[in-house]
Amino acid sequence: MSIKYEKDSQNIATLTFDKPGSPVNLVDALLVETLFKHLDSLESDSSLTGIIITSNKKDFLAGADIDRLYAIKDTDEAVFMVDAFKKALRRLETLGKPVAAAMNGSALGGGYELALACHRRICMDNPKIEIGFPEVTLGILPAGGGTQRFPRLIGVQKGLPYLMEGKRIRPEEALKNGLVDELASDRDDLIKKAVQWIKDNPEAKQPWDSDNFRWPGGDPKSPNMVQMWAIAPSFANKKTYGNYPAVKNILSSVYEGGQVDFETGCRIESKYFAELAAGKTSKNMINTFWYQLNGIKKGKSRPDGFEKYSVKKVGILGAGMMGSGIAYVSALAGIDVVLKDVDMKTAEKGRAHSAELLNKRVSRGKMTEEKKGEILSRIKATGKAQDLDGCDLVIEAVFEDRNLKAEVTAEAEKYMLPDGVFASNTSTLPITGLAEKSGRPQQFIGLHFFSPVHRMPLVEIIVGKKTGKETLAKAFDYVLQIKKTPIVVNDSRGFYTSRVFRTYTMEGLGLLTEGQDPATIEAASLKAGMPIGPLAVSDEVSLSLMLHISEQTKKDLEEEGVKMPDVPGMKLVERMVNEYERAGKKAGKGFYDYPEKGEKRLWPGLWDLYPARGKQYSQEEMIDRILFVQVLETIRCYEEKVLTTTADANIGSIFGWGFPPFKGGTLQFVNDYGVKEFLNRSKELADEYGERFNPPELLVKMADKNEKFE
Amino acid sequence: MGDAYIFDAVRTPRGKGKKDGSLYEIKPIDLLTTLFHALKERNDLDTSGVDDVVIGCVSAIGEQGADIARVAALYSGWDETIPGVTLNRFCASGLEAVNLAAMKIMSGVEDIIVAGGVESMSRIPIGSDGGAWVEDPRVNDTLSFIPQGVSADLIATIEGFSREDVDAFAVSSQKKAAKARKDGRFKSIIPVKDINGKVVLDHDEFIRENTTLETLAKLKPSFQFPGDMGFDATAKRKYPHVEKIDHVHHAGNSSGIVDGAALLLIGSREAGEAMGLKPRAKIRSLAVVGTEPTIMLTGPVPSTRKALKRAGLSINDIDLFEINEAFAAVVLKAQRDLEIDPDRVNVNGGAIAMGHPLGATGAIILGILLDELEEQNKELGLCTLCVGAGMGIATIVERV
């Protein structure tokens, strides 16, 4: 049985959720069916005085059955699914007896919706417990009455952020904001409080079922709310660019549900849910953020046969921005850190970065002074290589210079453990070449972190020609240990992320050289779903660095006897740096001006540099170019086996450089677009704009065989 | 097709549309009643000869609701055989009422119509009527709704009007209005009296004649905050070449919030003669257009062109213009695009100085235009307004 039924001497029934053979309770078909059976008997039990709902698992109820959700094919099926759950909840809250939710653990999505259908929510006071509506992060909306009950409980204006942003909160905050009514110290206290409340409230009723119901914080129909509704879509779209249908449907469900009575509101909610659940965006997001991300975290790209490894002492070479960031996240994960630079003073500066970040946490009340001290004490700043003694992992984050990297590698290998892993945080230099300078190339690997390290969730693991499987397994485990997401790629120039990201900036800059309006290029990229426009991000990266890397690559290729093809965007970077001395944000001027006061503005000289000429492309055309160029380069990486899994491609693109999440990543983009349609559009773009849009052979074959990127 | 003539035009003074405004204590229906009485008296009108009453009102709810046109006519003691209709074309409502009246006459279906508008913004604040366009998130989102002030700032940004440009326009509107009031140019004003016959207001009280560039420079942009909250982003999504919106409009260079009403007596020449009415002007042509709704306020140019074309006139044939001063940038853009000499535009000031009682304004400025054509002994005048949700309206009158 997925629900255990007990009735005590005071005629209080307790329903305990306990899904057989599963660590969690889910809102699945079995639960709903069982709930209906219990409702039948509860409704006919005249001696009943009240109902307590609780769970036997760690969580109260973790949410929906994602497999079932993902399998939804059409809107009828979606409505049918949620209406059953809704009906059960409605019967529960209108049964005529007081119902208390004894929330012993996290209540998320459908779990919290069930709690909302109870008349009282009592939650265990445990900071590990989370409460909220994560639905929007998978492109759907809470359809167990959540968009109806929740705003009626705490108010529209207070409720919308939870529904639209999917944020989860702890019990203490949930109590403060009215998401729960009472906290309990332990399980006994939880049940005791529930029993007491039932005894005290035999006539309990939901506010929305009472004749004198008033919306807290204002009736959605009231003129006072017009201003709020008027700005709500603009406020949301400021961040989402209208790319997330779930955000739009949540707003509609709350607004429209607020114009009518509760039950009609619930019907409206089901329809908005169904449109999302049967639509492409939720499939993209569930595919990537549920199945593929979970697959990655479970080690799909990690070689089998090696025991889970836990790094004890990590040495970090170079206490610059990257090195100090890596030191911070490692120390935070409980690993001892040796942060080495040319001298103690420089290394200390890097350590101060961690102190700064920890101070912020303390001042926000998210960490104690004591804990901060403990973490900081794990980081040893030093100027001496001897201090690397005993390190089982060393990560170099020194300047992108082959000779320097060779030097620090040799030095570290003198002192670190002989079976330890040496990793390079290079973002551009091929790992195989760097490994040649190592005494043990099978223990040499690339760990490409992103800046700022403490905020960016991805680490790109680069496997060199000689990198051993055990080394990969250890590096993979380390990335999970510091709570980052690993993707595994094979060595290639720019690996995966830098290589594809470059096509984005180059395409954007290329548009400028074609005489397209700079502001329009930036706007099109943001509308496409990129987090930052190509001109702005180039300034952030630094134009001089882009030029440096390009020149280095050119030199390398010449040594291999290959001539680097001319890229118009790179010519522009060269002009910006050499002709106009505008090297980017750090230099205070790049594609943008960075006044000391006020926000950055596009450099007016850009309009003279490439005056508008010929036809101005439509925004759709620009968006296609900006996105297709990235997707096609990803397919080439996949074809060349730089990438080996679709999951790594998708997650890497979103977490690495912000490819639009609603598309589900670079390869899912093709599935979403339709493989054949994508192939045809690529050909069109190639005819119009050049061979970088030529579809790779792999794509042609897939279209032929009607295959998707699985 | 027949011709429609204007026999008379009356209006209330415009009172400040806040609690400290003189007309705040006056009910909207009494603004109209004042004018119904005046119209009857001035023209010695047998009201049973009137075929319909058409009244523009934007926020037709509460005491402005339930078809105030019919109710006000009845309450004013006019003959019960006169029906009434209230209409809403946002800021064009007052002029739309005139145009609809004209069309009734031109078609020959009806002979004598009272047309005008009313808005007590102090009592029924702007936006009180909600509406799907504004408050329904799905509609709002689909149509890229932004408030008019942000639209006006968007126009200024695209057209390159600086803060100094729009402020200078506002100062000039104040100076012209103050002078016109002093010179007694607003002849059609009917004082509003209380129940005891005491005058509550007999002049446009919103004018600030001491306005200078310096006093305006101190005012903060009104639409910066809503812009930052998200409306700028919406505007920029619609106009992607705009990198940043320059917020130049504020309370001093946007139309004032006021209370007021206006009525015109319109009919065919024959019906007028039969009732002893003397035509003052003929309605030459009229036009309404729809334009892009996010920038919203660019309607005066295409509606003016459409009205000119229908009348077979060119811009240079028009002696005087009234372009509603919803926001300074709206008039500046219309003047520039239509290549109109600014000396022929709003010669007695406009809504920046005297205020814009939404549903009434179109009828008010048409009356002012008519008075000024007579004053200057000119022939042709054109009246145009920008309109919410992206519309424009224009009417051309010719003295007879």
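Let me start with Ser144(B). Ser144(B) is buried, at a relative accessible area of 16%. Buried here is under 20% relative accessible area, exposed is over 50%, and partly exposed lies in between, with a 1.4 Å probe and protein chains only. Ser144(B) is not a glycine, yet its phi is positive, about 50°. Look for Ser144(B) in the loop between helix 5 (137-142) and helix 6 (148-159) of chain B. Helices (H or I, at least four residues) and strands (E, at least two) are DSSP runs, numbered from the N terminus.

A word on the source. This is a predicted model: local features need pLDDT of at least 70, side-chain atom pairs count only at pLDDT 80 or more, and totals for chains, interfaces and linings use all residues. Residues are numbered from 1 along each chain as its sequence is written, chains are lettered from A and ligands numbered from 1 in the order in which they are written, and side-chain values use heavy atoms, with hydrogens and water left out.

Back to chain B, and another positive phi. Phe90(B) has one of about 45°, and Phe90(B) is not a glycine either. This residue belongs to the loop between strand 4 (84-87) and helix 3 (93-106) of chain B. Buried or partly exposed? Phe90(B) is partly exposed, with a relative accessible area of 26%.

One more backbone point, now in chain A. Ser451(A) and Pro452(A) are joined by a cis peptide bond, with omega about -10°. Pro452(A) sits in the loop between strand 15 (444-449) and strand 16 (458-463) of chain A.

Next, strands. In chain B, strand 10 (residues 320-323) runs parallel to strand 11 (residues 380-387), and four bridges join them. Two strands pair if DSSP finds at least two bridges between them. Glu322(B) has Cys383(B) in strand 11 as its bridge partner. Which way do the side chains of strand 10 point? Leu320(B) and Glu322(B) go one way, Phe321(B) and Ile323(B) the other, and all are buried. In a regular strand the side chains alternate between the two faces of the sheet.

Chain A has an open sheet of three strands, in the order 5-7-8, with mixed pairing. Strand 5 (107-108) and strand 8 (168-169) of chain A are at the edges, each with a single partner strand, so one side of each has no neighbour in the sheet. Strand 7 (residues 131-132) of chain A is antiparallel to strand 8, with two bridges between them. Gly132(A) stands opposite Arg168(A) of strand 8.

Now Thr382(A). Thr382(A) is in strand 12 (residues 379-382) of chain A. Thr382(A) counts as buried because its relative accessibility is 2%. What does its side chain reach? The side chain of Thr382(A) comes to 2.9 Å from the backbone nitrogen of Lys384(A). The side chains of Thr382(A) and Asp387(A) also make a polar contact of 2.4 Å. A polar contact is a pair of N or O atoms within 3.5 Å; within protein, one must be able to donate a hydrogen and the other to accept it, and residues adjacent in sequence count only if both atoms are side-chain atoms. Setting aside neighbours within four places in sequence, Thr382(A) is in contact (heavy atoms within 4.5 Å) with residues including Val338(A), Leu339(A), Met344(A) and Ala347(A).

Compare Val541(A). Val541(A) lies in helix 21 (residues 534-541) of chain A and is partly exposed at 32% relative accessible area. Beyond neighbours within four places in sequence, Val541(A) is in contact with Phe501(A) and Met546(A).

Last, the two chains together. How many residues does each chain bring to the contact? Chain A brings 30 residues and chain B brings 24 residues. The buried area is about 2400 Å², with 55% from carbon and sulfur atoms. That is the accessible area (1.4 Å probe) that two parts lose on being put together, summed over both. There are three salt bridges between chain A and chain B. A salt bridge is a side-chain nitrogen of Lys or Arg within 4 Å of a carboxyl oxygen of Asp or Glu. Glu243(B) forms one with Arg601(A), the closest N and O atoms being 3.4 Å apart. Helix 9 of chain A gives the most to the side of chain A that touches chain B: nine residues.
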